[in-house]
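Student: Before we start, I would like to go through some labels used for this model and ask what stands behind each of them.

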Amino acid sequence: GKLIQQGNGFFLVIGAPQDTTEEVSYSLPLTIKVSNPLGTLVGKYVSAQGSFISGNTFEVTSLEEILSSDNGGEVVKIKMGESGFANGVRITLRKVDSDSRCPKDVKCITAGLASFEVVLKSDTDQETVTLASDKPEHPFDAFKVSIVDVSPTPVSKTTIEESAYEVTFKVENL
């Protein structure tokens, strides 16, 4: 939903489900217990994790910005060892499997690829899989998951520490 601020309160505006004729959106009151600066997320689309504490007040324990892509999918950037959430799938970036991407200061015949071990988790399914940056979408549950960006870009004669990797994943509906 979209995070909005009214006075001292924060609300998550959730649109009506796409397959209904209703055009109402619902404003969910939030109690926020997260460390990220809320000012940077107000007005953005976010994924909120947490639980209901009293009535319809939702206590947020994790808040992540969702970046939408053109075809209804969502993208999320995840640091090594951390998890992110996009379009109903929680992705945990476990480790680097390989990285043979072309360094930016070298002319290569092929772009190369980076692959990562990830855990995909939905409401009903969980899978540990190796995803590669040069591969098409990986089907998982009712979704397809792909890597759209890997940073940092390699430089010749420099080793990227595993902890420095950030991978942007895209999750679309099948």
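Tutor: Let us begin with Ser122, which is found in the loop between strand 10 and strand 11, strands being DSSP runs of E with at least two residues, numbered from the N terminus. This is a predicted model, in which local features need pLDDT of at least 70 and side-chain atom pairs count only at pLDDT 80 or more, while totals for chains, interfaces and linings use all residues. Residues are numbered from 1 along each chain as its sequence is written, and side-chain values use heavy atoms, with hydrogens and water left out.

Student: Why is Ser122 called buried?

Tutor: Buried means under 20% relative accessible area, exposed means over 50%, and partly exposed lies in between (1.4 Å probe, protein chains only). Ser122 has a relative accessible area of 9%, so Ser122 counts as buried. With contact meaning heavy atoms within 4.5 Å, Ser122 touches Gly88, Phe140, Asp141 and Phe143, not counting residues up to four places away in sequence.

Student: What makes the pair of Phe116 and Tyr165 edge-to-face?

Tutor: A search of the whole structure finds one aromatic pair. The ring centres of Phe116 and Tyr165 are 5.5 Å apart and their planes stand at 70°, so the pair is edge-to-face, given that rings of Phe, Tyr and Trp (its six-membered ring) pair if their centres lie within 6.5 Å, with planes under 30 degrees apart counted as stacked, over 60 as edge-to-face and the rest as tilted. Because Phe116 lies in strand 10 and Tyr165 in the loop between strand 13 and strand 14, the pair ties together parts that are 49 residues apart in sequence.

Student: How do you know that Glu117 and Arg94 meet in a salt bridge?

Tutor: The term requires a side-chain nitrogen of Lys or Arg within 4 Å of a carboxyl oxygen of Asp or Glu, and the side chains of Glu117 and Arg94 meet at 3.1 Å, N to O. This pair links Glu117 in strand 10 with Arg94 in strand 9, 23 residues apart.

Student: Are these two partners, Glu117 and Arg94, buried or partly exposed?

Tutor: Glu117 has a relative accessible area of 15% and is therefore buried, whereas Arg94, at 44% relative accessibility, counts as partly exposed. Arg94, Lys95 and Glu117 are also linked in a network of salt bridges.

Student: Why does strand 11 count as an edge strand?

Tutor: Four strands form an open antiparallel sheet in the order 8-9-10-11, where two strands pair if DSSP finds at least two bridges between them. Strand 8 and strand 11 each have a single partner strand, so both stand at the edges, with one side left without a neighbour in the sheet.
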